[in-house]
Amino acid sequence: KTLVSNDDIAVLVGVGVGEYPQGYNFFDSRVWRGQIEYDIHEACPPTESPISPTESPIFSPSLKPSDTSSSMDSVNLACSNKSYLWTTTEGGTTSYGNMFEVFAPNREDQKAFIIKNFGLSLQSAGVDVRALVYTKLGTYEGFELDASAWTLICDTTVTSNLFGEFTQIPERDCEDIHMAGPERRSFYVTLDKSALLYTQGKSGDGVTTPFASDD
């Protein structure tokens, strides 16, 4: 089920995790309740300096694109546009964690983007929780029990906001995750308390069913 769309990314229905930090009980068709903040990078307009009629143009070698440079390498990060993707705040049960996938579709006008941080739905206000976020390239299916397949990108303590408000993980506490379509990447958000809210997917939702998307 698609909730939002603007052609950037899709969040897929995942699984709930019953333990911290690595689970062994998993609950199918669980929708991550939260927010993803990401930057879409666009090339900055070129800046032209006036040249005296008596002078020849001088080009700096450092401004010449390299044959081996990636599209991300040649982008001025100052020209990025901050964007957000929300899934849902409806319904929900609690547990220690949630595994889900983020998919960037392949489009002709696809722009590289960087996932910056996450907003969490937590059960009660004013509670301090340790939040960990792991990631891996590709699907999480088949890797739920393989801790070596996951990379830790966030490790912080947050104080939960009011019920219904996302609790933001500070951007400084998360490593940037670069993505460009077509790409599928998994995330695992886990807390040291059974306070992470997620929503049970509808009957028939599989772990690869889009629940919220920007396309």
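Student: In this predicted model, where is the place of Pro21?
Tutor: Tyr20 and Pro21 are joined by a cis peptide bond, with omega at about -10°. Most peptide bonds are trans. As for its place, Pro21 sits in the loop between strand 2 (14–17) and strand 3.

Student: Which residue does a cis peptide bond join to Pro182?
Tutor: Pro182 is placed in the loop between strand 12 and strand 13. The cis bond there has omega of about -5°. The residue it joins to Pro182 is Gly181.

Student: How many helices and how many strands are in the protein chain?
Tutor: The protein chain has 215 residues, of which 44% count as buried. Among its contacts between residues at least 6 apart in sequence, 86% join residues at least 24 apart. The count for the chain is zero helices and 15 strands.

Student: What is the accessible surface of the protein chain?
Tutor: Carbon and sulfur atoms hold 50% of that surface. The accessible surface of the protein chain comes to about 11,300 Å².

Student: Which residues does the disulfide join, and how many residues apart are they?
Tutor: The structure holds one disulfide, and it joins Cys154 to Cys174 with an S to S distance of 1.9 Å. Cys154 belongs to strand 10 (residues 151–159), while Cys174 is in the loop between strand 11 (167–168) and strand 12 (177–179). The link thus connects distant parts of the chain, and the separation of Cys154 and Cys174 is 20 residues.

Student: Is the link of Cys154 and Cys174 right-handed or left-handed?
Tutor: Both Cys154 and Cys174 are buried. The angle about the S-S bond is 120°. With that angle, the link of Cys154 and Cys174 is right-handed.

Student: Why does Lys116 count as buried?
Tutor: Lys116 is found in strand 8. Not counting residues up to four places away in sequence, it touches Glu37, Tyr38, Asp39, Glu171, Cys174 and Asp176. Buried means under 20% relative accessible area. Lys116 counts as buried because its relative accessibility is 11%.

Student: Is the aromatic pair of Trp150 and Tyr188 stacked or edge-to-face?
Tutor: There are eight aromatic pairs in the structure. In this one, the centres of Trp150 and Tyr188 are 6.1 Å apart and the planes are 65° apart. An angle over 60 degrees counts as edge-to-face. The pair of Trp150 and Tyr188 is therefore edge-to-face.

Student: How many residues apart are Trp150 and Tyr188?
Tutor: Both Trp150 and Tyr188 are buried. Trp150 is in the loop between strand 9 (128–137) and strand 10, and Tyr188 is in strand 13 (residues 183–191). The pair links distant parts of the chain, with a separation of 38 residues.

Student: Which residue lies over the face of Phe143?
Tutor: The distance from the ring centre is 4.1 Å. The residue over the face of Phe143 is Lys136.

Student: What is phi of Ser29?
Tutor: Ser29 is found in strand 3 (residues 26–32), and at 14% relative accessibility Ser29 counts as buried. Most residues other than glycine have a negative phi. Ser29 has a positive value, near 55°.

Student: How far apart in space are Ser29 and Phe100, C-alpha to C-alpha?
Tutor: Phe100 forms one aromatic cluster with Trp32, Phe118 and Phe187. In sequence, Ser29 and Phe100 are 71 residues apart. In space, C-alpha to C-alpha, Ser29 and Phe100 are separated by 9.8 Å.

Terms used
Residues are numbered from 1 along each chain as its sequence is written. This is a predicted model: local features need pLDDT of at least 70, side-chain atom pairs count only at pLDDT 80 or more; totals for chains, interfaces and linings use all residues. Side-chain values use heavy atoms; hydrogens and water are left out. A disulfide is a pair of cysteine sulfur atoms within 2.5 Å. Helices (H or I, at least four residues) and strands (E, at least two) are DSSP runs, numbered from the N terminus. Buried means under 20% relative accessible area, exposed over 50%, partly exposed in between (1.4 Å probe, protein chains only). Rings of Phe, Tyr and Trp (its six-membered ring) pair if their centres lie within 6.5 Å; planes under 30 degrees apart count as stacked, over 60 as edge-to-face and the rest as tilted. A charge sits over a ring if NZ of Lys or CZ of Arg is within 6 Å of the ring centre and within 35 degrees of the ring normal. Contact means heavy atoms within 4.5 Å. Accessible areas come from the Shrake-Rupley method with a 1.4 Å probe; for residues, only the protein chains shown count as cover.
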